[in-house]
Structure formats: structure tokens, C-alpha cells
Amino acid sequence: MRHPNPEDRSRRGFVGSCLGGSLLASGLASELLAATDRDGLSPRSSRFPAKAKKVIFVFFSGGVSHVDAFDPKPALSRDHGKQVTLDHPETRGRGGYEKLFLKRPGWEFKPRGRSGIEISDMFPHIASQIDQCALIRSMHTSHSNHFNATLGMHTGSFAFSRPSIGSWVSFALGTNNSDLPSFLVLAPNMPYAGTQVWASDFLPGAHQGTRVVGGADSVANLKARLPIEQQRKELEALAAINSIHGSTRPDASFLDARSRSFRTAFGMESAMPEAMNLATETEETKSLYGINRPECRTFGELCLTARRMVERGVRFVELIHTGSSGNWDSHGNMADHTRLAAQSDQPVGGLIADLARRGLLDETLVVWTTEFGRTPFNNRADNPGREHHNWAFSSFLAGAGVKPGIVHGATDEHGIRAVEKAVHVHDFHATILHLMGLDHEKLTYRHAGRDYRLTDVHGTVAREVLA
Amino acid sequence: MNSAWLLITTLAIAVTRLPADDRESRFESTIRPLLAKHCIGCHGPDKQKVGLRLDDKAGWAKGGDSGPAILPGKPAESLLVKAVRREASVSAMPPNRSLSPAEVRDLEAWVAAGAFDPREGSERLGGMSLGEAKSWWAFQPLAKSSPPGPGHPIDAFLQTRLAKAGMAYQKPAAKQDILRRLSYDLTGLPPTPPEMDSFLSDDSPQGYEKVVDRLLSTPAYGERWGRHWLDLARYADTAGENSDFPISNAWRYRNWVIDAFNRDMPYDKFIRAQIAGDLLAPNAADIERDGLVVATGFLAVARRFGHNIASDMHLTREDVIDTVGRTFLGLSLGCARCHDHKYDPITTRDYYALYGIFESTRFPFPGCEANRQPRDMVPLPGDPARVAETLKADARIAAIESEKAKIQAGLPRLDFSGARPVASGSIKDGGSARLDVPSPVRMVKGDMLLLAISPLANQGADFTRVELKLSDSAHASKAWDLRTEAIDSLAKGNPVASSHGGAWHFLDLQKQPRLLNSRTDGAYGNENLMAWRSEGETPAAMVNTSPDPVQVFAKLPGRSFFAHPGASWPVGIGFLCPADGNFTIDGSLVDAHPGGPDGVGFNLSVVPAGFSAALARHVEAASTLSKLESEKSGLLSRKRPSEFAYAVAELKPVDAAVQVRGEPEKKGPIVPRGMPALLGGTTVSATNASGRLELANWLASASNPLAARVIANRIWLHHFGSGIVATPSDFGSRGLKPTHPELLDWLARDFVENGCKIKRLHKLIVTSKAYRQSAGPPDDRDPDNQLVSRFARRRLSAEEIRDSLLVAAGKLDSDPGASHPFPPEDSWRFTQHNPFAAEYDTNKRAIYQMTTRNRRHPFFALFDGADPNATTPVRQATTVPTQALYFMNDPLVHDAAMALASRVEAEPTTGAQLSLLFRIALQRPPTDPELAAIRLLVPSASARLDTRSLASAARVVLSGNSFLTVD
């Protein structure tokens, strides 16, 4: 999908105008303008037909409490204050945590939508879209530390750096818009594990996530340091001297690719700000995302930007709320979830609603997750916070290829363990890839003598969430 | 047993009597297809779920994690049979569908009859049969080949092969191309215009060789080739654990590598130094000792993992084993951590034999969120007095630790259970709270009023200013004030004797509560702060004795008392009640360090007497413990400036137990320390040493054919763009075989026979015609240039791009770099929430830039720099639009263009200006079409160009493909 923009003509025209000059032998013209892709980003079809062509991956950092948000546990309220004996990674050997007591949810749950799925008042806007979603209440992961669990949720590896899921999808499917990166990460703050979260690692560098911090300098070096006309002239001269250089080296595809990359970059200089520019959106749309409310303005703008990016053909967009600090890690007081939900609930709910009404949800997969849940217990029942909990948490999928309005899997009566149809992070990844038309066991990359996969040697597709 | 069982038994007896041929044909017709259809997919060559293989007899006999899968003759006890019968005691197999009843019967009958299996006789070593392993090309001794013709030996090998394909080399490269190529290859820098002029004007036959010798002797050579080595060594200046702690002394290893290349250290010596330099140092010449210790930085810079790196050291050891294997042997030894190698002859036993060596090796501790104090750095041995002092101190610290442990183990448990709650609450960041105790609290003599302050988050907490006052309701004169009494007497000891027979106790409320026993005068570098601490920095009780506020991490009010909880447990302030009574209690808590992310919780309670006897024992031991502790912290806090190396040392040797499926808590059999079985597999003989020295000698020995082949191939690779073996760190069965095996062996043998001198190998390679041919057009008969039918044009590396921009600007600072300006060690508070992150850009060569692991430097990430988390044998060369954006808009490029413009502005004419500009940037004058292209960009009328126009021209030239590629 292309969007006209005022600068497009002059930008697109620069190579052509240069070719019009007498500098170039006619044979080189087609070489220079050749659209053949040699940098690994041309669009490719999936392994098997799939509805989902793009992904918006929403990541809430710090550990969102499942029992307060998505996983209603009446028994937890009933048994509030009862002691439980558990060998839990976060409390084992920790002074003051010799005894553990169940702690009741702090939010009220209600049935929502036609499906009647119960969601708490923490996320009313997301709850209003639950009929579009497959809610997975039986997620679990391998590590109870932020860094490792965040790395695991993004790369399938809990210790070593490996390619990000966005890089894998970009590697498998390429992109439809060469003016924009195939894998964009909208993250004003650095997450746990830093840039490893979106690194392509051993996959070709074209597939690494491009981090957008928002604001004027949203991508490094995106802003032209010269007046646009001056830059256009210099790029014409560059195209000319590169084609002179290439005229005696017709073999080197890398040289063409590099010449073309300047054209793409010039396109990006305008395409990125254009995609980031929300001025053309109606007030109604903006308010759908809560942009008119100060508390959700930042994340609302990012969510709206994500929609604009998938509209423009970006393959994989990740949204991170918030970063490695000031996040959902509410050890101190669960009430902090209220503040964070106020920033993020309406933007995410609005995003799903907006994608749906524009028909974009038919080809876009929305993933919402966090790195782990929070303990349904604590060292005192009146401890206002909850600790890290990797045995169970909730995530949801929405959109293309997803069975809408269902709940998949369940935790035990207190939300402590995923007991029914447990979905490990590897299974989650396998399912996401499947929805993109990719077989997680066949999407491999040979590196250092071994075929690597996103799911390592694990992963089972949760078929019941497929439409 | 039911009747079906009888039937099977009867059948089994019948089957047993069948002659061998029949058994074989039955196996082939029923069992082999059955296993292939249902089992081998997950338990065969491709996957070995639960460690089990069913594709040969040895596989099921050895079995998986639960032991042998089949007990011949005993179907009812055989796990395989139980699994297909889907018995409750085992996992049902196959997992998703049952075998047909007939298939189950066939299997039962086969097992009952003795499980005849003809698939035997191939003894395996990891992923290969013994036969395959013995004949694998890379494990063979270096062949004694001789060049198949006269002339340069390399050309003799290559041209013979090319001739067979009906091909020949390209014509020799132009002189200006060859000097540019040679300069970049050997030094990573372009030639200067005078160097180019001098080379072009030297027509003597020795002209080329002279240039080669000159380039090999410049310090820039080591900076170029040292970088190739640092790629393999996954070098970085941070540890890579969750908070990415800086490593102050890693740079010494970096500089040692550069220096080793410049000095042309023989490669065998280079290997030994990096594996066991510390063990070689005592017998080395004085001048070499420091370097030998520093060299083990190769091992020491291994990545650290997790929140508390001590608990993930098995992953760090894996990183070491994998890096050693890939770098020196071209073998992926790390693959054998969880299971025998799938493809190569490496077993889990081999892995844990090496693991024991590294478990017997002390790795330096860079610090981490859970324990911020770096330790176990190795003193440089250049100063024997300092070394002796450090060793003495280390020994004393160890003795103190064991003495303390002994005392503490002998202390009775302080039982604070049964406490009656009085008040509780929490304060947020920057907050405060009053202790709300409305009515007097009844206490009897020997009770303790205990105020416990805990972190609310698990990422630590801040100092809290505490006030706590008691008074006896019946005797208003009997009053106690924590603040004033602590300020006056905290320096005297813990507990602080109080008025009227009371006493204040400052407690570390871990699972086993104890008194804070580490006294710190002048905490945080301020003489007015006096603290009692536990093992580390926290928990702590601290006073500011000055009447004035002091500024340390925050502004601390004068004459105040502060408490700080442990990382995840409370600190306690306990008032021991001297007499029965009703006590009025008042107090408050104020966050003393606003701005941190966390608050604290507090809990005031009365602990009934009953712990008194135990407490008395603790108090009795306190002074001894505190003396020991202050002696220890004195030893530890001696300033540790730059004369330490980030290097390894010996530990008490231990043999490691196999970790079943790579999980450290699942211990398997103990494996003696030793070398992998495939190349002899000697066991470490020394009982008092880790075995690193033996490993070093084994790796570097002339009889190890892998080391020489691997390094010869790497040197070749960095001259020709790809190796004779195209997978330079994988000489195993998943790697590619050599395109010219005789040449590789000849090079490796020549290298070893001539003293393992790398500079000699460079000279041999770059003086060949193969290296000096032109880049030339591709040829369909050799599309991937495997026959070396042309020179492989290449993109500049990240370092070369940056250094060349600085050269063009005339700004490159060619002095070597040293340490980085990290913040002082005692200010490190990095967490996974706020990890260390910095860029210290300078104008020194790129190899001297500080390298972080968790947040990569954006420039090196953009231009395919080495992965600082894993050994990198070959860089990628990607082309992405964000690289173009860099050239279009980055300040470094714009600054370089502006500086280049000023360098050429003084030339008399536009032609001369542009000519010099091209000669500096591209080491050649512009061609006419290039000049024409540039002239379209700049005003045509003027005789000379101004800086602005020249900068514009410079940006175009520096962004061009001529600049970025080497022909």
C-alpha cells in the first residue's frame, strides 16, 4: 500500500534526472534502476497459505499480574490469607519469605462481550475488544528474572543472544515497502536485555529491528542534515560516480545494492516522518487511542503509529510499554498497575478496534504479552505488591487467523500453575509463526555448523487458537 | 498376568528357537520398519529426545535419561514396551498416536525373544562412528605434500587446479589498486598520498616486497590483525550479565593481542599464553610475565550470565569451552553440553572432561547486581612485592572466611518467632511515615522491640532515616532515643548500650538473623558517616555524626540515623527491654535517598523474651566477628588500581560431574579432567593443578593437526575473503571440506616447520600472483571464486570505515588506546533496570573503542561489527538503508567531509583541489567522468571552490562505492 506524499516525486526522481544526463551509458540505466532485490528483503510467500501478513507485537515490560487482569480466580479471594507451601524460584531461600500466603485479586472481574470472557476492570478497553481475541490463560516461561524472561519471549533463548522473533519473520517473509524497515520497534525506553531484544544476531543484518524512539529524531540519522534540494543534488552526484565506478565492475551486485540503498534511505527520510506524522488522522481516530488524554498520549501515539506502519507494509512492528524501569514490575504496590493501565489500556484497545474497522485485522496478527505473571501469593497476605511469577501468566492473540472470542488453557484454582493446555513461550512462538504461514521446525538458519530455530528444539502449535 | 501375557510368552519361546537368519528377516520385516515409522524421528540421528536413540542396538542398550530402553527377554520391564503399551508409570509413546495392537505384539515378542538387533558393530564416538571419526579429513596428520610445480608454491597449487578447469588468473591488479588492497589488508588503513607516490615511482623488482615488509612492521598491523583475533575471542569491555558491569581491565588483554601480533609471537606460544599464561609466568623472563598473565584474558572475558553470575557459571564455562573449541580447533565442543554431539565425534564425556579443567579455574568476578564488588582480579606479576602481598592477603581473607563461618555455625539460632505486631506500613520513593502506636505497649524485661525494614521491590532499596523513641509510661524520666544514642555510641560497637540498662541491636534479618558485624568508618568516602554492615554493602545501620548535612549519594541530614535493608531481606533495629513496663513509642521513617525507584516496608513488633540466651552468645561472638570482618574489609578495600589483570587463576582441582541434559542440578557420573577422546584423549595427570597447562600444551602441540590447519585457514580467509575451508570455525562434519586440501596441508606444515610465524605466512600469501591478480569479472565456471580465479572485492569493515573517515579528515589519533573512563568502581549501582551503558568515542583507532555487550554501540551494530557475545569467525557485510542514512546524515561523516575540504582548499585551482581530495580519500586522482559528475554539483564559474562546495564534493566521494570497497 503506497501513500502519496508531496516530496515523493522529487525524491523518486533523482536517479531518473541524473540518468537523463549525458554521463551514463544507456546500458547502465536499467542496472541502476533495476528493482531486483539482493539484500534479502524482497517479499516472499509463506510456506503455506496464511491470513496473517503482518504482526503487531505488543510487549508490556515488567510482568503484568494475570490474576488481577485476565485470569479470574474466585478461589483466590475465598482463600485469601491461607498459607501455601511452594518451592518457588522467587522466594526460595529469601529471608522474610519462609511463609507464603495467598493474596486476593485487587480488581473486579466481569464477563465481557458476546463471548462473556471475564476480564478485570484493570483493562476495560482491551476487555471491550475481547471478542476479537484468543485469550491464553495458560502461558508459562522458563525464567523468573526480567532479563532472561524478556530475552526468552523475544528470541526463544533465555541466556544466549539469538535472533529476535521479528528478525525471523522478516527473514522469512521480507517486506512490501522498501522505503521502511521490515522490522520496527517502537520503544521510547530501552527494555531489559537492551538491543538483544530486537537483534538479528546471526541472521543477515537487514532483518534487525530498527528502533524508533518517537519524536523528531525517531530513527538514528533519519533527519537530513542538509537542505533537501542540496541533499538531492549530492545523491545525484553520488549515483553518478557510483555508476561510473560500477561501469567497470558490472559483476558486483553488492555495489548496485548499495547504490539503491541510498535511494531507499532518501525515501525513508520522508516516508518515516510521513508514517510517523499523525496530523492527518482525525480527532475521532486519535481519541479512539486515547491520545486526547494526557496519561495515554505517549503510548496511544505509538499504537496509532503501529497501525500506520502496517498499513504501509511494515512486516513486524513491536510496541514496548514501557522499558526496563518504571514498568509493570509492581513489587511495591499492585496499585501501580492502575497507573500503567491508564497509560496503555485504551491505546491497545483502540488499536484493535481501529484495525478491525479498517479491515486491517484480517491480515494483521496482534500479539499481546508480558515476560511473566505475578505471584498470586506473597510473604504476607497484606503485602501490597506481588513478585515475579513464571509458572503462569496470560497473553492474547487477535486478528488474522486467530479464533476470536475464546479462552485457551487454564491455571489452577489459585492461578499458581498453568494446568490445562499449558503454552510455553516456545509454543507461543510456534503458534505465532504458524499464523504467519511458517513452520517453526522448518524455519531454520545454518550458523556455526548447526541449523538454528526460533523455538530451539521445542514448540508445539496451540492449534485450538487457530480459526 | 492375563492370558494375553501367556500367549506372548509362548510366542516368545517359539521365536527364540528360530535360527539367526529367521530372526534377522523378522527384524527386518517387522521391527526395523516399525521403529523407523514410529520412533526414529525423535530418537534417531536428527533428534535424541530424552537422550535416547533407537537407530542402533547400542542406542537402546544405553538408553536415555531413564536408563536402558529394552531389557532383552524382559518385555514387562522394558521401558520401550511399557511406553508403547501406554502404561501409567511411563510417558506414553509415541506421544500422539498409539501403535496398533499388532505392532505392540510384534515389539513385545521381539523383546521377549532377546531383542535380536543386527544394527551393531559400529562403535560410536558422539555423532560419528569410530571409523568415520578416524578417517575424517581434519583429524588426519598434516600431509607431506609438495607443490605440484615450480614457482611460488601457492600459485603452483592454485594454478594447477585452475588449469584443470581450463581457467587462469586475472591479469595483475593495477599498482595503485594493489597498494590500497595491501594497506587495508595488513593495517586496516589506506596508504597516504606520499606512500602511494613512492610506491608508484619505485619500479625495482623488490619494490613490492619492501612495501610488504614496511606494512608488516607498522603498529597498525597489530591493530588490524589483533581485531580479527578479538572477534574470535568475543572481546568486550563489559561482562554481559543482566546489568552489563564494566570490566576496567579487559583492555590489557586487547592491547596484549595487538602487541603479540606486532611482535610476531609464534602461534603455539600465543595459544599457550591465552590458555595457561599464568602458569607459564613464574618460569618466564621478567619482561614477559605481565603479558602472560594478561593473555588469559582470552578465557576471562567469557560472557557472564543472569542476575547473580555466580549461579550461572556453568553457562560461562560453556562459553569458554565453545570458544576454545571453535577458535583453536574448529570444533563445536559446546554442542556436547546437553547430549553427545549430533554430527561430530565429541561426547558429553569429552565436554565435562574439559569442564572440570575450567571448574578448577578461578574466573575474575566483574561484579553484578546481586554482588557489586568486583574481585579475583589477578595482580600483574611484574612487581613481586605486590604479588606476594596480594597472595598473602588472599590467603588471609580465605582464613578469615573460614574462621567466621566456624563461629557463625556454632551460634544458636536467634528465634524471633511469636512476635506481636505493633505497627506496620510502607513508604514510597521520597515518602515518609510516622510510627502509629496510639497506646503504650506492654513489654517485660528481655522482650525486644523490633523494627524490621524491608525492600518493597527485589531490586534493593534505599537508606531510610529512622527515629525511634521509647519512654516508660510510669517513669517519664526513663526514656530512650535511638538517634542520639546511636550517634554517640554506634562507633563503640553493636549492640549499643543504652541508658537505664537498655540496648540497641542492629540486625541482619536473614533466615538466620544475626548482628551486623562489619564496621565501616568513613562510609561512602565521608569521615562523618559510620556504619555497621553485613557481608556486603547492605544491610546497614549508619549514622551521620556531623551536625551538618553531608552530600554523598544524596544529601544526608546532620546528626541522623539511617537503616538500609538487604537486597531482598530486612534490616532490623532491636531495642532490648531492660525492665517490665508499659512503653510509649514514637518514631518515623523518611526516605533518605529520593529518586530511587523503590520504597520500603516496615514492621514494628514485640518479640517475647526467650531468645535471650542465644542473643547473649551472638553478642559475645560479635566483637570477634567484627574484628575479623574489619580486617577482611581492610584487605579488600586496598585500592586496586590498574596494576591488575582481568585474568584467570588456579583453584583447587576438581573433576566435574556430567550435568544431565545440561542441567547443573542433575548430576551424572564424574568425569576425570582431560582432553577430547578424538585426538588422543589424555587425562590430566597433575593432581594439584587444573590441567589448563596440559590443555594449552595439547592444543599447541605440533602433533595437533587442527590448530595449524585452522589458523592457516584463518590467515588465508582474511586475505582472500573466504577460507580454503569456507567454515573457518567448523572443521567437523557440518562444515565445508577444503577446496584445496593439499594446499591447506602444505601451508599448515610450512607454518609449523618454520616456527609458527604469522608474519611469514602473510608475506607468503601476499607475494603470490593469486593475491596480486585483479578483481576481474565473474566466471560461470567459478561462480563463488572457490578456485581463486580472481581477487574478491570486499567492503570495508566497520573499523576500516570509521578509521578511514578520520584519516580523510586528518584527525586519526594513531596512539594506542588504554583504559576507558568508566565511573569509579565504588559508585557502581548498575541493575537490570538501569544497566551500565556508555559510549566513549575518541579519535583513536576503532579497535580501542569501548565495547558493551548488552547495548551494542550503534555504529558497530550498523556496519556488522563483531558480535561481542559469541566468537565471530567471519563478519557479515550487509547493505541496509540505515547505513546509507549514516553516510547521508551522521555528524562524523559531515565533520570528516568538512575537515577534508579544509585540507584541500588551499590548492590553487578547482582541478588541483579536487585532485587532492580524491587522492586523500581514494588514494588516486579523479577520472574525467568523475570530475564531470562532481562539477555538476558545484558552481562552475569559480576558479577555486570554497569550503562549502568542497565539503559537498567530499561527502559525495566519502559516500561512494570507491571509498567503501577494496579492489
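Reader: How many residues of chain A are in contact with chain B?
Author: 62 residues of chain A are in contact with 73 residues of chain B. Contact means that C-beta atoms, placed from the backbone, lie within 7 Å. This is a predicted model: local features need pLDDT of at least 70, side-chain atom pairs count only at pLDDT 80 or more, and totals for chains, interfaces and linings use all residues. Residues are numbered from 1 along each chain as its sequence is written, while chains are lettered from A and ligands numbered from 1 in the order in which they are written.

Reader: Which element gives the largest share of chain A's side?
Author: α8(A), with eleven residues. α6 (146-155), α8 (228-247) and α9 (253-276) of chain A each supply at least two. Helices (H or I, at least four residues) and strands (E, at least two) are DSSP runs, numbered from the N terminus.

Reader: And how do the residues on that side divide?
Author: Into 26 nonpolar, 24 polar and twelve charged. Ala, Val, Leu, Ile, Met, Phe, Trp, Tyr, Cys and Pro count as nonpolar, Asp, Glu, Lys and Arg as charged, and the others, Gly among them, as polar.

Reader: Switching to chain B. At what angle do α13 and α14 cross?
Author: Roughly 135 degrees, with the axes of α13 (267-280) and α14 (286-295) of chain B coming within 6 Å. Axes are lines fitted to C-alpha atoms, for helices over the stretch in contact, and angles run from 0 to 180 degrees between N-to-C directions. α13(B) and α14(B) are therefore oblique to each other. Angles under 35 degrees count as roughly parallel, over 145 as roughly antiparallel, 65 to 115 as roughly perpendicular, and the rest as oblique.

Reader: Which residues meet there?
Author: Ala273(B), Gln274(B), Gly277(B), Asp278(B) and Leu280(B) in α13(B) meet Leu292(B), Val293(B) and Ala295(B) in α14(B). They divide into five nonpolar, two polar and one charged.

Reader: Now strands. Is β16 of chain B covered or exposed?
Author: Mostly covered: five of five residues in β16(B) (540-544) are buried. Buried means 20 or more other C-beta atoms within 10 Å of a residue's own, exposed 12 or fewer, partly exposed in between, with C-beta atoms placed from the backbone. Ala540(B), Met542(B) and Asn544(B) point one way, Ala541(B) and Val543(B) the other.

Reader: What does β16(B) pair with?
Author: β15(B) (529-533), antiparallel over five bridges. Five bridges also join β16(B) to β19(B) (560-564), again antiparallel. Strands pair if DSSP finds at least two bridges between them. Arg533(B) stands opposite Ala540(B), and Met542(B) opposite Phe562(B).

Methods: Contact = placed C-beta atoms within 7 Å.
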